[in-house]
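This report describes the helices, pockets and aromatic pairs of one protein model. The sequence and structure are shown first.

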Amino acid sequence: MIQHLAARRGPLHNLFEASLALKGVFAALESLAGAALLFITHGAILGAVDWLTRNELIEDPSDPLAAHAVRLADRFSADSQHFYAIYLLTHGLVKLVVVLMLQRRITMAYPLAMAVFAGFVAYQLHRWSVTGSPMMLALSAFDALVIFLTWREWRAGKA
């Protein structure tokens with residue numbers, strides 16, 4: 001039998017609910033992006049980048065944004081596309097399942113969510129150490145907040 005935590009109220013609970021909604025939306029978008037990368041051909045992606053940047057580069061060959069997009073596309077191999085497709089799809093689906101379980105207040109979802117999100121934080125911090133991307137730090141901070149709020153909900157619900 002599936003156990004559920006009792007309903008809660010208060011500003012931190014509302015923040016928890018809002019963070020779940022945000023994580024759910026991002027998880028769904030991530031899953032859709034992964035699925036799209038599985039079904040869109042590599043050539044179509046390269047063609048889209050060419051189409052989007054061609055006119056801008058004709059007008060201004062030194063346009064930094066267009067030049068950066070072309071450089072990224074040149075380095076984006078079919079193997080990379082396959083990796084990102086699988087990564088985004090599985091990462092998004094795992095998050096979506098965990099978020100849906102938390103929204104249903106299933107007791108076992110709370111420790112599961114904390115472990116899954118802690119794993120994401122570890123990976124994101126590793127990526128930050130390699131890339132220096134501030135986005136990885138921001139995602140890690142958000143996930144740490146969600147872990148704290150999840151722990152708080154779980155602890156209060158067990159009491």
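Which element gives the largest share of the lining of the second largest pocket? That share, four residues, comes from H3.

## Basis of the description

The model is predicted, so local features need pLDDT of at least 70 and side-chain atom pairs count only at pLDDT 80 or more, while totals for chains, interfaces and linings use all residues. Residues are numbered from 1 along each chain as its sequence is written, and side-chain values use heavy atoms, with hydrogens and water left out.

Helices are DSSP runs (H or I, at least four residues) numbered from the N terminus. Residues are termed buried under 20% relative accessible area, exposed over 50%, and partly exposed in between (1.4 Å probe, protein chains only).

## Pockets

A pocket is defined on a 1 Å grid over the protein atoms alone, as an open set of points where a 1.4 Å probe fits, with protein on both sides within 12 Å along at least five of seven lines; lining residues have an atom within 4 Å of a point. Grid points are joined across faces, edges and corners, and the volume is the space filled by probe spheres set on the points. Ala, Val, Leu, Ile, Met, Phe, Trp, Tyr, Cys and Pro count as nonpolar, Asp, Glu, Lys and Arg as charged, and the others, Gly among them, as polar.

The second largest pocket has a volume of about 280 Å³. Its lining consists of Ile45, Leu46, Val49, Ala69, Leu72, Ala73, Arg75, Phe76 and Tyr84. H2 and helix H3 (64-75) are the elements that give two or more residues to this lining. By class, the lining has eight nonpolar, no polar and one charged residues.

For the largest pocket, the volume is about 790 Å³. Its lining comprises 20 residues, of which Glu30, Tyr87, Leu88, Met136 and Leu139 lie nearest the centre. Two or more lining residues come from each of H1, H4, H5 and H6, and H4 provides the largest share, six residues. The classes are 11 nonpolar, four polar and five charged residues.

H1 has 29 residues and reaches 42 Å from its first C-alpha to its last, close to the 42 Å expected; the expected span is 1.5 Å times one less than the number of residues. Among the buried residues of H1 are Phe16, Leu20, Ala27, Glu30 and Leu37. Their cover includes helix H2 (42-59), helix H4 (78-103), helix H5 (109-131) and helix H6 (134-158).

H6 has 25 residues and reaches 36 Å between its first and last C-alpha atoms, close to the expected 36 Å. Its buried residues include Met136, Ser140, Asp143, Val146 and Leu149, and what covers the buried residues of H6 includes H1, H4 and H5. Ala18 is found in helix H1 (residues 11-39) and counts as partly exposed because its relative accessibility is 42%. The C-alpha atoms of Ala18 and Val146 are separated by 10.0 Å, although the two residues are 128 apart along the chain.

## Aromatic pairs

A pair of aromatic rings is described by the distance of the centres and the angle of the planes. Rings of Phe, Tyr and Trp (its six-membered ring) pair if their centres lie within 6.5 Å; planes under 30 degrees apart count as stacked, over 60 as edge-to-face and the rest as tilted. The count comes to seven aromatic pairs. The Phe83 and Tyr87 pair is stacked because the planes are at 20 degrees, with the ring centres 6.0 Å apart. These residues are four apart in helix H4, so about one helical turn separates them. Phe83, at 45% relative accessibility, is partly exposed, and Tyr87 is partly exposed at 25%.

The pair of Phe117 and Phe120 is tilted, with 6.3 Å from centre to centre and 45 degrees between the planes. Both residues lie in helix H5, three residues apart, about one turn of the helix, and both are buried. Phe76, Phe83, Tyr84, Tyr87 and Tyr123 form one aromatic cluster.

Gln124 lies in helix H5 and counts as buried at 7% relative accessibility. Leaving aside neighbours within four places in sequence, Gln124 is in contact with Met136, Leu139, Ser140 and Asp143, where contact means heavy atoms within 4.5 Å.

Arg105 is placed in the loop between H4 and H5. Arg105 has a positive phi of about 65 degrees although it is not a glycine, and Arg105 counts as buried at 11% relative accessibility.
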